[in-house]
Amino acid sequence: MSNTFKSQLSASAARMREQSEKNISTPATIVIPQKHTRYWGWIATPAAAAVGLLIGLFIHRPAEPKDNFTVPVVIATDNSGHSIIDDGTDYSLLISL
Amino acid sequence: MIALFVNYKSLSDGQLMERVRRKDDEKAFAELYRRYARLLQGFFFRRLGGDEEKALDHMQDTFLKVWSSRWSYSDGQPFRTWIFTIAYNLCKNTYRQNRHEQAYLDSLPAEEPIAEDNTPLQLDAATFDSALQQELSLLNEAQQMLFELRFTQELTVPEIAAIIAIPEGTVKSRLNTLTNYLRLKLKDYE
C-alpha cells in the first residue's frame, strides 16, 4: 500500500512537472562571462622577465676585449735603430704587453 | 593520441564538468546547459510560485555560478547533486529575501478543501494531481522542497542529504512524515 501511494505521488509529480514545464521557454544559449585572465599571467610574467633580462644585458654589456691595440711609446733611437737609452730595461717586453 | 574532435553529447555530466574546470571548455559548458537548463528552470518555476521571469533569472544565475565556481567542483563528484545544491541555495536565499512577503502569504486563510460534499469523487489522475497540488501549497517551504527533490526530480535520499546538507537519516524521517501526512490528506483519492 505504502509503495503504491509513493508511486502515485511520483506519477502525479511527473505529470505536474510536465505540465509546468510545457510553456516554459528556455533560451538556447547562455552568455558566460569573459574568460578568466589567468592565462595572461602565465604568458605575461615570463615575457616581461625575458624582456627585462635582455634590456639589462644590453645596458650592462661588458666592453669587448680588443685583440689589437697600440701603445704609444716613444723611444729614442740612434741611426742604426738601437735604443740610445741603455739602462738595462727591456722595452720590447713593455711594448708587447 | 590527442582527440581533435570531441563528441560532447557522448560525455557524461562529470566528464563535461571536468573539461569545464580544467580547460574552461565552453562547448562542454554549453552541453551541460542544454541538459539541465530546462530542468532547473522548471524547478525554480515550481519553487518560486510559478513566476516565469524569476525562474529564468534563477536558472541563469545557477549556470553563472557553475561557471564561476568551476574550480570548486571535484572530480568524481556527482554533477546533478552539485548543481542542485547551487539551485537549492539560490532558492533558500530568495526565500530569505522574500520572508516578509511569504509571511503575509502564509497568514492568508487556507482555501477551502476540495470535495467537501459527499458526491462521488472522480478518481482519475487529474483529480489526484489537483488535490495533491492543493495539499502541497499548504506545506512549508522545506516540505515543498523535499517533495520536489524526492518525487519531482526523483533524487535519491543520499543526493537529497548532500544537497540540503543534513544527515540521510533525517531526510528519511522527514520523507516518512511528509508521505504519511499526504496519505492522510489524500486518503479519499487513493
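Visitor: Which element of chain B has the highest mean pLDDT, and which the lowest?
Guide: This is a predicted model, where local features need pLDDT of at least 70, side-chain atom pairs count only at pLDDT 80 or more, and totals for chains, interfaces and linings use all residues. Residues are numbered from 1 along each chain as its sequence is written, while chains are lettered from A and ligands numbered from 1 in the order in which they are written. pLDDT is the predictor's confidence in each residue, from 0 to 100, and helices are DSSP runs (H or I, at least four residues) numbered from the N terminus. The highest mean, 94, belongs to α8(B), and the lowest, 64, to helix α5 (residues 99-107) of chain B.

Visitor: Where in chain B is the pLDDT below 50?
Guide: Chain B averages a pLDDT of 86, and 85% of its residues score at least 70. The stretch in question has two contacts beyond near neighbours in sequence, a contact being two residues whose C-beta atoms, placed from the backbone, lie within 7 Å. It covers residues 115-120 of chain B.

Visitor: Is Phe45(B) buried or exposed?
Guide: Phe45(B) sits in helix α2 (residues 26-47) of chain B. Leaving aside neighbours within four places in sequence, Phe45(B) is in contact with Ser20(A), Ile24(A), Gly50(B), Glu52(B) and Ala55(B). With 22 other C-beta atoms within 10 Å, Phe45(B) is buried.

Visitor: How many residues of chain A are in contact with chain B?
Guide: On the chain B side, 26 residues take part. The chain A side divides into eight nonpolar, seven polar and five charged residues; Ala, Val, Leu, Ile, Met, Phe, Trp, Tyr, Cys and Pro count as nonpolar, Asp, Glu, Lys and Arg as charged, and the others, Gly among them, as polar. For chain A, the number is 20.

Key:
Helices (H or I, at least four residues) and strands (E, at least two) are DSSP runs, numbered from the N terminus. A residue is buried if 20 or more other C-beta atoms lie within 10 Å of its own, exposed if 12 or fewer, and partly exposed in between; C-beta atoms are placed from the backbone.
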